[in-house]
Amino acid sequence: MSETLERPDLKVVGTRPIRPDGADKVTGRAAYGADYNMPGQLVGKVLRSPHAHARIVAIDTRKARAIPGVKAVITGADLPEVASALHQGGEAASNMRDLAMNVMARDKALYEGHAVAAVAAISAAKADEALAAIEVTYEILPHVIEVEDAMRPDAPVLHPHVFTEGLEAKPDKASNIVKRSGFNRGDVAEGFASADVVVEGRYTTQPVHQGYIEPHATVASWGADGQCVVWASSQGQFMVQTYCAKVLGLENSNIRVIPAEIGGGFGGKTTVYLEPLALALSRAGGAPVKMVMTRDEVFRATGPTSGSVMYVKLGAKSDGTIVAADIELKFQAGAYAGSPVAQGCMTALACYDVANFTITGWDVVTNTPKVAAYRAPGAPIAAFAVESAVDELARKLNIDPIAIREKNAVVSGGKAPYGPTYQNIGYVETLAALKASDHYKIPLGPNQGRGMAVGFWFNIGGLSTGAIHVQEDGSVVVATSNPDIGGSRASMAMMAAETLGVPVEKVRPVIPDTASIGFSMLTGGSRTTYATGMAVVQAAERVVADLKRRAAALWDTAVENVEWKDGVATCLDAAKPDARPLPLARLAATAGRTGGPISAEASINAQGAGPGFGAHLCDVEVDPETGQVTVLRYTAAQDVGRAIHPSYVEGQVQGGAAQGVGWALNEEYVFDRDGRMENPGFLDYRVPVASDLPMIDAILVEVPNPRHPYGVKGVGEVPIVPPLAAVANAVRGATGVRIPDLPLSPPRIMAAMEKAQG
Amino acid sequence: MAHVTLNAECAAFTGGATEFDIAADSVGRLVTELDRRFPGLGEFVEQRMSVAIDGEIHQDAWISPIGPDSDVYLIPRIGGG
Amino acid sequence: MSKRHVTTVVNGDQAEFLADPAMTLLDALRDELNLTGTKEGCGSGDCGACTVILDGRIVCSCLVLAAEAEGKRVETIEGLAHEGLHPLQQKFLEHAALQCGFCTPGLLMASKALLDANPDPTETEARYWLAGNLCRCTGYDKIIRAVLDAAAELRQARAA
Amino acid sequence: MPQLNYLAPSTAEEAVKALMAANARPLAGGTDLLVQIRSGRVKPDVIVDLKGIAAAKGIRGEAGGFVIGAAVSGAELSEHAALVRAWPGVVEGANLIGSTQIQSRATMAGNLCNGSPAADSVPALIAARATVVIMGPDGRREAPVEAVPTGPGATSLGPGEFVLEIRLPPRPANASDAYLRLIPRTEMDIAVAGAGVNIVRDAAGVVTEAHVALGAVAPTALLVPEAGAALVGSKLDEAALARLDAAARAACRPISDKRGTVEYRTRIAGVLARRAALIAYERAGQSA
C-alpha cells in the first residue's frame, strides 16, 4: 500500500475520509440523468437507421405529425448547417460539423443506429407511434467495417470529400483513410541489422464499449425567450453547453447546463448525443423534453473505441536490449474522422528507451458508430501489440519479463519516444514494486500461466476553476465545475481543507451549473485531481492570505506578524502581547468589518501534468479441454505521484484493470453480414461480473510531481493500458500458444491450442 | 536560442525540416516566428499541437515562457478518456 | 386498455397506484411512486441496477409487471436505512465500495438479501450471489470487502 | 411497452379459456417473456399470469417421484432438500439460469416453453425422463419433456394449451444425475453447449441405466440414446467415456453464431457429457 513520503506535515492528504456525497448515493437520493423531471415535459425518442450505409433520399413526417399527442418531429433539415471547424471542447480537437451530423444524420446514414429523426410526444407510447409513422426512403449502399477492408482502394467510400492527409504525394481520389500520422528516430534498418533476435507479429482487437451502467439521459427546456436549461449526465457540463451551442447555433450564455450525477463515463460521455435533440424538440414542441437511451441504443449509437489491426516488429540484442522497432497501427474511426491512433503511436513505446524506431498510424473511417474516447484512448490497443511482442522477445531470449522491461526502461532525464524528456517519473519503481510483491513469488500449478505488461499515459492539465466560499460560521464550501465520477468531490474537499488547515468535515464540495462558476474543461484525461485540484489550492491560498490580512487589521499589526496554522491566525508581534488567536469562525463572523465576504475563485490553465506508469501481473488457469480462462490473481503497481485519497486511487487502479480484463477475455462488437450489431446488450456483450474476478491488489507507488502543490499525478487512465497484454501473456504461459487476436474467448483459445498440437 | 523540434505533421509546412534554433521567450512568440517563416504553420500548431518545454507538456500554451536554452518539442494534442 | 389499480406495501408503507398493464414494477416505483433510487441500466434483467426485494427475494424490477406486485411487499433502497445507515450502507462508504454509485442501490439490496440468507458468506459465495449486479467502475474488490465486513459486524451485533 | 392486458386466473380452466380467447401468452417468471415483449420479438395482446393457479404452485412427492408446479421458481427448487437429494442435476440445471435475481422468478416450465435450444434446465429434465402435464381445451394430457420444444422459439403446444406441472419419475437406489454447461464468463451467460446425464448403477458400481441429453447443439435439446448406451454395463472406464464422447459429438447439429462455432460446440458437447457423466456416477455411488 502507500505511505506519504517526505510530507509528514500533511494532516488530510493521504487519509481515507468518508466521501462527502456518499450518503445520498447509498440511500438512493443522488439524482442521475433519468431521475430529474421538469413540469409539463414531453417524452423524446429517436428514429435510428437500420442500415450501416445508406443515402437518405426522403423523410416523410406528415403522418407522424398528424398523430394527436405528438408535439414535435424533427430531422436533419430542422438543424442548422454547421461549418467544418475544429473545436477544443472535449479534449482532442473535434470537428463541429461531424459532431452535428453524428447527432442527427443529414444526407447519409453512416452506421446502423445513426439518428435520422426525432419526435416528442405526451407519452412514450405516443412517441413510439410517431416513430413508426415516419417514412424514410433509403438508398442502401455497400458498407465496410473491418479496418483493412476499409483501407482497400475498392472499398465503398464513406465521405467523398476525404483525401488522406500526411502522405508525401497529395492523393486525388477520395478514400476512407483520413490521415497518416507517426514519427521515427534513428536508423531502423541499421538497428534491425544489428539485432541478434527479431520477433514479428500481426495483432488485432475489436471495438469495445466503455460499458457505463447508466444509459445517456437528459431533460432540456428551450425557453420562449431562447434561454435554455439542460439537465444532463455527462463528463463536463461546459462541454455539453459548448457542443449544444455549436450544433444549434446558440450563444453559450443562453444555455445553462446543470450537471446530474453521472453513472459512469470512462470517456464515453465526453461528447453529446441527446442534448441538442432534446433542445431542438423542446423549441419545436413548446415544452421541456426528456430523453433516455435504451441499452440497445447505447451500444448501437454511442462511441465504442477503435477496432484495430497492428503490425509490430522488434529487434533485440542477446542481452535483451531492444535496438529497433517497426510499428504500424490501423484504427477504426467509425463514421467520422478521429480515432485515437495518434495517441496509440505516441504511447506505443513510451516505456522503452529505443534508439531506432518508426511508428506509423492510420485513421480510417468505417460504417460503425463514431469512436469516442475510452480511458487512455488508443494506448491499451497499442500496448496489447507491443507488450505481447516484448513478451515474445523475453521468451526467445529466455529473459525474465520484468528484467527485459528494466533493461530497456525509460528514466527521468531520458527522452520519450514522442519527443520531450521525462521528469520525475516513477516507472522503474513500479517494476521494482511488482518484483517485490508476494504475487510474484507464488508458484504456478498445471495449466496455469503468469503474464506481465506495462503501460503509460500522458495525463493532462488544462483549464479549470476552483472556488472557496467561507460561510458566516467559518465552515467552508469548495465549488468546482468538474462532474464527480470516481470520488473527486472527496479529493477537492481534502486539498482545500489541507491548505486552509481545517478538518475535512468542515469543507463541503459542490458542483454548480455552468451559470454559477467559472469554466472548466471536462472530467477526463486523468486531469481533475491534478488541474482542478491545483485551482482549488490556489483559491484556498488566496483565502489564507486574505484571512491573514484581516487578522492583521483586527490586531492592527503588519501582516508579516500573522501566522496561519491549523485554521487559526496567531499574532507574532511582540508589541501586541494581548492579541488573542483568531480562529476561522471568528474571522468569518467579523468579515464585514475587515472588508466583506471571504471568497476566492481561481481559474487557471494547469501546465506540467506528470505522465503516469503502471506495471501489472496476472495469473490465469486455462481449461485445456474447453479453453475457458479463470483469472486467479491480479496485481497492479502504479506511480500515482501522491495519493490524495488512497481508497479512490486504488479504486481507479482496480476499475481500470477490470475493464482491461473484460477487453482481453470477452468484450467485442459482433456485426452480422448487413453491418448490424448482433450483441447490443449486457447478455451477449460480456462485461466482467463479480464472480469472474479475484481481488485486485493495487500497489500505489508515490514519486511526487513537484509541479502540483501536493505532488499529484493523474491516475485514472494508466490502469487500463497494461491488462490486455498482461492477460494475453498469461494465457500464452498457460497454453504455450501465442494468440494475437482479442478477445481471448474459449472458442478462439481452443482453436489455437488444437492448431498448435497439429 | 531555444532548440525546437517539430513533429512529422508540421514538416509538411517546412519542406521536411524539423529542427530549428529560434530566439523566442514565449510560446506565442515562437508560434509567430514559425508562422513568419512558414505561412500557415502557426495556425496549424495552435489548433493541432501541444508544446513540450523541457519535458513538460503545455496545452493552449500561448503565454508559457521558454527559457534561453530550452528544449522545445511540438507534439500532437493529447486527449483523454 | 384501462389502467389497473394496484395495492402494495413499499418499504413498510401502503402504496397504491394506477398501472398500465404493460408497466413494469421498475417504472411504477420510479414514475408513479417517485422512488428514483432504483435505477434502469438495461431493461432486460442483465445488469441488476433495478434490484429490489419482492416478498423477501431479490428480483430485477424491470422484469416484473407492476400488476404482479398486487398484495406483495416491496423493499427498495429508500427503505434500507432505519434510524441511521444500515451496516452495508456504512461499510460501502468506509471501503469506498462505490465510485459513480449508479449500481450501488441494486448492489445494496442484493447484498442485504445475501446476508439475510447467509450471515457468514465466503468471498466466492458473495461473488456468485452478486454476479447479477454489474459494476463497471470498481472491479468489485472493495464491494466484496465491504459486504464481508458488514456481515462480520452484523454477526457480532447478533451475538452481543 | 406496447398496449397489453393482464389476467390472473385462479384455475387452470380459466387460464385455458383466457389463452384461447385472444393472442395471449402464459406468464410464470416472465424473465424471457417480458424481455421479448419489450424488444418487440413477441406482441401478445393478453398476458395470462399462472401464479394464481393453486395446482401450478408447490413441489410435492407422488408415488416415489416429484410433481413440480409450472410456477415454481429456480430458487424454490434449490430450497427443497428432498428434490435436491434425488435430482441434483435437474436442480443445478435450473439454478444456472441467469443471476440470483432471475432465479427468484425463472421457472423450468417457462424455460422449456420459451423454446431456446440452449435452455439450461431442459437437458437434465430430458435425461431424467421427466414428463409434463399440459392443460388445454381438450382437458389434461401428459407428454415427455422432449416432445414440447420443436425448434428455436417454437413448441408443440396447441392453441389454449399451457404446461401446468412437471413430473419426475421415482428414483431407484444408486441413481443420480448432473448438468454442466460451457459459458465464456462464470455467470450470466447463455450456454454455448450443455449436457445432462442421468445414471443408475448396481451395488457393484456397474451402470445399469443411463440417459444423456445435450443442449445448444441442435434446433432443440436432444436425447442421445447412443450416448446413454455407451455407458451401460461399464464403470465409466476410459473406453466407455470415449464412446460417450464420440456418441455425443455424432449427435450434434449445431450452428455457428455469436456465442460459438460448429466445431467448438461439437467438441465441447463431448467434453461436458464426459464430465457430467463422471459427476452423476460419483453421486449415484453416494445416494442411498
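**View 1. Helix 2 (residues 87-94) and helix 3 (residues 104-117) of chain C pack against each other at an angle of about 130°.** In this predicted model, the axes of the two helices lie 10 Å apart. Two packed helices are described by the angle between their axes and the distance between the axes. Angles from 65 to 115 degrees count as roughly perpendicular and those over 145 as roughly antiparallel; helix 2 and helix 3 of chain C are therefore oblique to each other. The crossing of helix 2 of chain C past helix 3 of chain C is right-handed. Helix 2 of chain C brings Leu88(C), Gln89(C) and Phe92(C) to the contact, while helix 3 of chain C brings Thr104(C), Leu108(C), Ser111(C) and Lys112(C). Sorted by class, the residues of this contact are three nonpolar, three polar and one charged.

**View 2. Four strands of chain A form an open sheet in the order 21-20-19-25.** The pairing within this sheet is mixed. Strand 21 (507-510) and strand 25 (599-606) of chain A are the edge strands; each has a single partner strand, so one side of each is left without a neighbour in the sheet. From one strand to the next, the twist averages 20°. Strand 20 (residues 476-480) of chain A pairs with strand 21 of chain A in the parallel sense, over four bridges. In this part of the sheet, Val476(A) stands opposite Val507(A) of strand 21 of chain A. Helix 15 (residues 528-555) of chain A packs on the sheet and touches strand 19 (462-470), strand 20 and strand 25 of chain A. The direction of helix 15 makes about 145° with that of strand 25 of chain A.

**View 3. Chain A is divided into domain 1 and domain 2, which are in contact with each other.** Domain 1 covers 22-30 + 461-606, and domain 2 covers 378-459 + 610-757. The C-alpha centres of these two domains of chain A are 39 Å apart. Their contact takes 14 residues from domain 1 and 17 residues from domain 2 of chain A. On the side of domain 1 that touches domain 2, helix 14 (488-500) and helix 15 of chain A each supply at least two residues. Helix 15 of chain A gives the most to this side, with five residues. The residues on this side of domain 1 divide into six nonpolar, seven polar and one charged.

**View 4. Chain A and chain C meet in a contact that takes 43 residues from chain A and 42 residues from chain C.** On the side of chain A that touches chain C, helix 1 (22-27) and helix 17 (646-665) of chain A each supply at least two residues. Helix 17 of chain A provides the largest share of this side, eight residues. By class, this side of chain A has 20 nonpolar, 16 polar and seven charged residues.

**View 5. Chain B and chain A meet in a contact that takes 24 residues from chain B and 38 residues from chain A.** Both helices and strands contribute to the side of chain B that touches chain A: helix 1 (8-14), helix 3 (41-48), strand 4 (56-58) and strand 5 (71-76) of chain B each supply at least two residues. Strand 5 of chain B gives the most to this side, with four residues. The residues of the side of chain B that touches chain A comprise eight nonpolar, ten polar and six charged.

How values were computed: Residues are numbered from 1 along each chain as its sequence is written. Chains are lettered from A and ligands numbered from 1 in the order in which they are written. This is a predicted model: local features need pLDDT of at least 70, side-chain atom pairs count only at pLDDT 80 or more; totals for chains, interfaces and linings use all residues. Two residues are in contact if their C-beta atoms, placed from the backbone, lie within 7 Å. Ala, Val, Leu, Ile, Met, Phe, Trp, Tyr, Cys and Pro count as nonpolar, Asp, Glu, Lys and Arg as charged, and the others, Gly among them, as polar. Two strands pair if DSSP finds at least two bridges between them. Axes are lines fitted to C-alpha atoms, for helices over the stretch in contact, and angles run from 0 to 180 degrees between N-to-C directions. Domain bounds come from an automatic or database domain assignment. Angles under 35 degrees count as roughly parallel, over 145 as roughly antiparallel, 65 to 115 as roughly perpendicular and the rest as oblique. A crossing is left-handed if the near helix is turned anticlockwise from the far one by less than a right angle, and right-handed if clockwise.
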